[in-house]
Amino acid sequence: MTPFDAIRTPLQGTGLIEAAAGTGKTHTIEGLFIRLVLEARLPVEQILVVTFTRAATAELRDRIYQRLVRARDALEGTPADDELLGHIAAEHPDPHEARRLIRQALVDFDRAGIFTIHGFCQRVLYENAFETGSPFNAEMIPDPERILAEVVDDFWRLRVAVEPPEFIRFARAQMAAPEDLRDLARASTSADFTVTPRVDGPCLAPRSIDAFREELRQFQRTWAGGREEARHILLEAGLNARVYGASTGKALGGPTVRQLKIQGLCEILDAYANGDLPVYPPVPALERLATSTLTHYTLARRPVPSHPVFDACDALHRARTALDREMSTHLVYLKSSLLNFVQAELERRKAERGLLSFDGVLRRLARALDRRPSTTLVEAVRHRYRAALVDEFQDTDDLQYRVFSKLFGAPGHLLFMIGDPKQAIYGFRGADIFSYLRAARDAQACYTLTTNWRSAPGLVQAVNTLFSRASAPFLFPRIGFIPGRSARGDLQQPGPALDVWYLDSRRHRSEGGPVSKSEA
């Protein structure tokens, strides 16, 4: 990867600048901005600079302006302690013209195109309302949570609450409805997604519910007539003592453990058969008395307990198992339906109320660019902005990258993306490491910043030593570790530059397994 040269790097095409923390990303953006003003002769309103937060946008605006001021002073004879500004002052072929361009940039700086990503998308939608089908007076809302909760609650009422009660109880056991659905719906609004496994239609057949209910009625009839006889058989059977209790010896001078366990199972099944407990799912005691379970836990060379009650328990348990499988698939179908419902309803309700969310403006612009033909929109944006500088590019997801590459990744335009792929691994702000890798593959030139202006030499050397030991320290071979160097000279620090702590699991867990995150 080529080291970035603030003075000589060509201002053309699509470039990616990989820069770790402390290596001067913002300083690099300032320098590119000044070079675009002087070398490309672009007015400030034709240079787009985007970042992620309003605070970062305000900082970028202030720092670019201050660097322009220092560039003006350097061209007027003030000594510059800045390599780029010193070069401009000493080597520019037409100092008079350079001073004029810088002064004009300062006069027009209020018109500079420095935005958050979502602010840029909103401006494009507003300025090209006909091409994008956007309302002129839409209100930006940072968080559509209230509308999202409303949509999810409606989905639960219209699609889930009308399901059979057995399914509703099954669904409630799988999620704290509808709150868990809100988490799922929220995730679907922030990025492109694919649902797996794909379920194309409802999967809960009425006959499956009817079959379970019939087996339940059969169990209730059989239990009412055969409870006592089944209980006596279990007390005398050769069953596993660990599961059903020992049939010999007394527990505290009273009944045997077997008698207590069987009595407890029977009392639970009494309540279930009488309707005192929820019908679904059946109580665990039902499976314990099923023929298949008794067969598994009968001791060798002893006869398996046999009775219609055990067969009825077994039949109801099998019906429940089959119904669980069907309801699990049906729940996936409903979750898939929720995502489609949320996307359609959220957009409809926001449009009705004249609202746009941060993610909504990005999606709307991406859809407008994906339409054919989108030539008018693309040409309008390219005419407005001749160059684009994307700060904190590691936080970009696939949708954002598609927007910028489609708008500015064309001959005659400049797109510089500045970021740290190592940070993209963590998915902060919805970042997608694979989008970053795709951008690195598509870029015509890749550069790196290796001088660390923030950290002491000892720390930089320690980090170099640590990460250079592994061939692929960040798992992806295309994200290599490039050793850095400190710009802070021979700054001395007391003590070691980097401490490595060893956590001995055996001191915290007797079995020697790894400690949990909270314990660590």
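Predicted model: local features only at pLDDT ≥ 70, side-chain atom pairs only at ≥ 80, totals over all residues.
Pro-305 is buried, with a relative accessible area of 6%, whereas Ser-306 is exposed, its relative accessible area being 59%. Arg-301 also counts as exposed, at 83% relative accessibility, and its phi is near 65°, a positive value in a residue other than glycine. Once neighbours within four places in sequence are left aside, the contacts of Pro-305 are Ile-233, Ala-237, Leu-239, Leu-294, Thr-298 and Phe-310. One of these residues, Ala-237, is 68 residues from Pro-305 along the chain, and the C-alpha atoms of the two are separated by 6.3 Å. For Ser-306 and Ser-188, which are 118 residues apart along the chain, the separation of the C-alpha atoms is 53 Å.

**View 1. Helix 7 crosses helix 15 in a right-handed manner.**
The axes of helix 7 (residues 145-160) and helix 15 (residues 308-352) come within 9 Å of each other and cross at roughly 135°, which makes helix 7 oblique to helix 15. From helix 7, the residues that take part are Ile-147, Leu-148, Glu-150, Val-151, Val-152, Asp-154, Phe-155, Arg-159 and Val-160. They meet residues of helix 15, among them Tyr-333, Leu-334, Ser-337, Leu-338, Phe-341 and Val-342, and the list for helix 15 also includes Glu-345, Leu-346, Arg-349 and Lys-350. Sorted by class, the contact of helix 7 with helix 15 has 12 nonpolar, 1 polar and 6 charged residues.

**View 2. Helix 8 is roughly perpendicular to helix 15.**
Helix 8 (residues 165-174) and helix 15 have axes that come within 10 Å and cross at roughly 70°, and the two helices are therefore roughly perpendicular to each other. On the side of helix 8 the contact is made by Glu-166, Phe-167, Phe-170, Ala-171 and Gln-174, while helix 15 contributes Asp-324, Met-327, Ser-328, His-330, Leu-331 and Leu-334. The residues of this contact of helix 8 with helix 15 divide into 6 nonpolar, 3 polar and 2 charged. Leu-334 of helix 15, listed here in the contact with helix 8, is also among the residues that helix 7 meets.

**View 3. The buried residues of helix 9 line one face of the helix.**
In helix 9 (residues 179-188), the buried residues are Leu-181, Ala-185 and Ser-188. Seen down the axis of helix 9, these buried residues fall within an arc of 55°, so they line one face of the helix. The partners against which the buried residues of helix 9 pack are helix 7, helix 15 and helix 16.

**View 4. Helix 5 and helix 17 pack against each other in a right-handed crossing.**
Helix 5 (residues 117-127) and helix 17 (residues 375-384) pack at an angle of about 120°, and their axes lie 11 Å apart. The contact is made by Phe-120, Arg-123, Val-124 and Glu-127 of helix 5, together with Leu-377, Val-381 and Arg-384 of helix 17. By class, the residues of the contact of helix 5 with helix 17 divide into 4 nonpolar, no polar and 3 charged.

At 67% relative accessibility, Leu-475 counts as exposed.

Terms used:
Residues numbered from 1 in each chain as written. Heavy atoms only, no water. Axes fitted to C-alpha atoms, helices over the stretch in contact; angles between N-to-C directions. Helix = DSSP H or I, 4+ residues; strand = E, 2+ residues; numbered from the N terminus. Left-handed = near helix turned anticlockwise from the far one by under 90°. Contact = heavy atoms within 4.5 Å. Nonpolar A, V, L, I, M, F, W, Y, C, P; charged D, E, K, R; others polar. Parallel < 35°, antiparallel > 145°, perpendicular 65-115°, else oblique. Buried < 20%, exposed > 50% of the residue type's maximum accessible area, 1.4 Å probe, protein only. Arc of directions from axis to C-beta.
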